[in-house]
Amino acid sequence: MSIIPGETIAAIATAIVPQQGSIGIVRLSGAKALDIARTLFHAPGKQVWESHRILYGYIRHPQSQILIDEALLLLMFAPRSYTKEDVIEFHCHGGIIPVQQVLQLCLEQGARLAQPGEFTLRAFLNGRIDLTKAESVAELVNSQSVQASQVALAGLEGKLAHPIRQLRSTCLDILAEVEARIDFEEDLPPLDEEDIKQRLTEVLVEVNQILATAERGELLRNGLKVAIVGRPNVGKSSLLNAWSRSDRAIVTDLPGTTRDVVESQLVVGGIPIQVLDTAGIRETQDRVEKIGVERSRQAAQRADLILLTIDAQTGWTGEDEEIYQQVKHRPLILIINKTDLASADTINYPWEITQIVTTVAAKSEGIEDLEQMILNSVQAGKLTGANLEFAINQRQAAALTRTSVALEQVQDTIKNQLPLDFWTIDLRSAIQALGEVTGEEVTESILNRVFSRFCIGK
């Protein structure tokens, strides 16, 4: 993905849903944006066309003068705009037809349809934001919980970029000192190796601390996939309904009622959770139920956490044991349901199961205990890493992993008393990897990978 100087791009910048949405925005950025706006937009009276003003008026076809929409026009002139170019926004009536007509007129006047993430790419290439902030924009748009949005906002505020730049600056200083001794050894005092080793250790410790946030970031961005499994009629669907406070799953006294995987999206303690209510796992001759059972097994294998549900009345059965053998390699919580009808104290479940919650799903009892146990598992690191103010993504984690390896190799080089030239090889590798995080060292393939995940118009 590259920018052609002077090229103007346009895109619909809001979600467009038929018969829904009061406002639809068409955004332009580039050298022709203002000219296109003047051609299409008619502002009655003596409204002033100046930066950071909103004008009221009408959008008309430039040849036929047919009225397209009554709208507002937002003006943001370079460099005081998101892309540091002239940016124009038509705020139209919502729906499909008005915004599509306005976008088509902009394209006919010389704009080009923007590629996914191209507005933010221009902001990055024009020095408006660094790469960590660009990625935070996408993460903020896609956040599924308040906590995930707060992590994205921390990235936008530079709370990740600032320490990365400091670490890179320290490595650059060390590299400069080493190279100076290589080029001007006779004119400079000897290199203080102990000081160099101490500074490298401090950088490595901080890099590894930032790396420790990767798993937490993955959880906040993508959420936790939880599968409710068990034999038929133990209360799995009742548990889903009580937890989601809805009637997503059909509940009857007949075994095998749930024939397919039923999903529900929840947020627990700021963490998005996808709950999968699976069909009761048992041997059956019913072809449809057999397909549901197989899908249940597949869902259990993909889940981050298993909620193995049993019936307090019947206790731990041979069928429960068979299911447990299939899922015991996954993080697991045992749900003993229907404890209003029988005590859980006498149930002889496997001793290695340490996380147990008792519930009466039909009465929505025990749900808070279940949520707290899930959060405890998260905080204890059983499902994810440390909870820090910001959290890196997979791309950033890969770059920082290379940084960590390179710094360890520098330390080994110093320990083995190799010549200074060997120090510089891994120092440069660490500096380059740190620069990839913020975008100071970046290739077109990295940019394509980052911005291809954006929506068009952002």
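Select Ile347 to start: it counts as buried because its relative accessibility is 10% (buried means under 20% relative accessible area, exposed over 50%, partly exposed in between, with a 1.4 Å probe and protein chains only). This is a predicted model, in which local features need pLDDT of at least 70, side-chain atom pairs count only at pLDDT 80 or more, and totals for chains, interfaces and linings use all residues. Residues are numbered from 1 along each chain as its sequence is written, and side-chain values use heavy atoms, with hydrogens and water left out.

Stay on Ile347. It lies in the loop between strand E12 (332-337) and strand E13 (356-359). Strands (E, at least two residues) and helices (H or I, at least four) are DSSP runs, numbered from the N terminus.

Now show the contacts of Ile347, meaning heavy atoms within 4.5 Å. Leaving aside residues up to four places away in sequence, Ile347 touches Ile310, Ala312, Gly315, Trp316 and Ile336.

Next, select Ser237. It sits in helix H9 (residues 236-244) and is buried, at 9% relative accessible area.

Finish with the cysteines. Cys106 is buried at 0% relative accessibility, and Cys171 is buried at 0% too. How far is the sulfur of Cys106 from the closest cysteine sulfur? That sulfur is in Cys92, 8.5 Å away, too far for a bond. A disulfide is a pair of cysteine sulfur atoms within 2.5 Å. The count by this rule is 0 disulfides.
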